[in-house]
Amino acid sequence: MADLMEKIVSLCKRRGFVYQSSEIYGGFGSCYDFGPLGVEMKNNIKKAWWDEMTKKQSPPAGGIVGLDAAILMSPKVWQASGHLTAGFADELAECKACKKRFRADLVGKTCSECGGELTPPRKFNLMMKTFVGPVEDEANQTYLRAETCQGIYMNFENVLNSMRLKIPFGIAQIGKAFRNEITPKDFIYRTREFEQMEMQWFCRPKDADIFFERWQKERLKWYLNLGIKKENLRAIEVPKKERAHYAKKQTDIEYRFPFGWQEIEGIHNRGDWDLSNHAKYSGEDLRYYDEETKEKYFPYIIETSGGADRSFLAFLCDAYQEIPSGRTKTTKPTKEIEILLKLHKKIAPVKVAVLPLVKNKPKLIKKAKEIYQLLKPNFVCQYDELGSIGRRYRRVDEIGVPYSLTIDFETLKQEDVTVRDRDTMKQERVKISELIEVLEEKLKN
Ligand code: GAP
């Protein structure tokens, strides 16, 4: 299975999905850059999440609105949220010989690098420090946010009042978060800079359990609807002693990666932990006035907190297939293994490939380029004329392009092209004049 991860990492680099950050300097602290295909795919994931969250229901009650809060906030936010105390720390053990540091829960009794003796575990806070302004002293110190949701709590009242909302309602946000992870690992699975897709659902305390169940179901459905295989997804209730410091109840949505079952999203009942602590530390009354019951109280918060990078990796792993060569009639069987990335159409980074049948026929190339120009404003397209048609089909399968168009000699006579479906391998001829409409329809679901 480690082998499979190596293949996925290699595909990511070779085809422009993910590169190591600062690679020419030997890489940097487990940070990664998303390449031309990676950014398209990640944007597709974020859009699918955003649409699901903000378009499904409508305000004022029962709706979800969006927010984009600043990464830098007052350091008081992190005092109140509990992130500066032991609650947001991992146990760290250091090798006495080579000085390498490890997360104590992920390491054995001796150093996995050199076999040296380890120090007893001590707490290590994960917040990333920075300074605001020219003077680097404690008064100007703050933190890069470790979870995006704190920006939502900061704006709870602003959003409530400016949008005239009534609970239950939600606020959704996508953005970067930072954690000084001791042992970042497994490619983009655990990194120090990552993106979260978080939704905070504000509700009456008595309704929290019902909404927890509802959001857990909804979130599982989202992954399944986007093609994740049922057998690779599960929800695990987290026992009290392993829960995040703010969670009254917690379920982890886990994906079966090649390196084992691992969390990709957390569903948390945060109770009134955040709003009551921010009220206490700021002196602002953050209670909600319920017009129906004529009561003032802190709403409970049900949070769905997913990682865009972890979903990205889960979608990639789930879609990755190796098949015997010669899948298409145009591909001569060879000893090569063909890679097929069976990504959901919504997630696939490139939607359409435009492939002239042969390279050395100027009329064909001209027509293919015209078709590419026609489609480019409507779909993320790739034009490829290099190598045999079989090899080009293999290249587009490897990056999961749902539809490939072949421009052949019939095209010049009949003004139509062959549309090849990645999954069924079926080919049909479509008039150039109808191409945009037909592809739009095919890519709809
Ligand atoms: N606001 C709640 C919260 O942040 P979390 O379980 O600590 O909860 C939520 O994080 C999600 O953020 C995780 O399920 C994961 O998808 C993503 N995430 C957390 N730490 C990460 C890391 N170091 N690298 C990549 N993604 C991470």
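In which sense do strand S19 (residues 352–356) and strand S21 (residues 403–407) pair, and over how many bridges? They pair in the parallel sense, over five bridges, and the views below begin with the sheet that holds them. The model is predicted, so local features need pLDDT of at least 70 and side-chain atom pairs count only at pLDDT 80 or more, while totals for chains, interfaces and linings use all residues. Residues are numbered from 1 along each chain as its sequence is written, and side-chain values use heavy atoms, with hydrogens and water left out.

**View 1. An open sheet of five strands.** The strands run in the order S20-S19-S21-S22-S23 with mixed pairing, where strands (E, at least two residues) and helices (H or I, at least four) are DSSP runs numbered from the N terminus, and two strands pair if DSSP finds at least two bridges between them. Strand S20 (381–383) and strand S23 (427–431) stand at the edges with a single partner strand each, so one side of each is left without a neighbour in the sheet. From one strand to the next the twist averages 25°. Within the pairing of S19 with S21, leucine 355 has threonine 406 in S21 as its bridge partner.

**View 2. Helix H2 against helix H8.** Helix H2 (residues 36–55) and helix H8 (residues 308–319) pack at an angle of about 110°, their axes 10 Å apart; axes are lines fitted to C-alpha atoms, for helices over the stretch in contact, and angles run from 0 to 180 degrees between N-to-C directions. That makes H2 roughly perpendicular to H8 (65 to 115 degrees; under 35 is roughly parallel, over 145 roughly antiparallel and the rest oblique).

**View 3. Helix H9 against helix H12.** The axes of helix H9 (residues 362–375) and helix H12 (residues 435–443) come within 10 Å and cross at roughly 55°, which makes H9 oblique to H12. Ile371, Leu374 and Leu375 in H9 meet Leu435, Ile436 and Leu439 in H12.

View 4. Phenylalanine 34 and phenylalanine 312 form an edge-to-face pair, 5.0 Å centre to centre with 85° between the planes. This pair links distant parts of the chain, phenylalanine 34 in strand S2 (residues 32–34) and phenylalanine 312 in helix H8, 278 residues apart.

Terms used. Contact means heavy atoms within 4.5 Å. Rings of Phe, Tyr and Trp (its six-membered ring) pair if their centres lie within 6.5 Å; planes under 30 degrees apart count as stacked, over 60 as edge-to-face and the rest as tilted.
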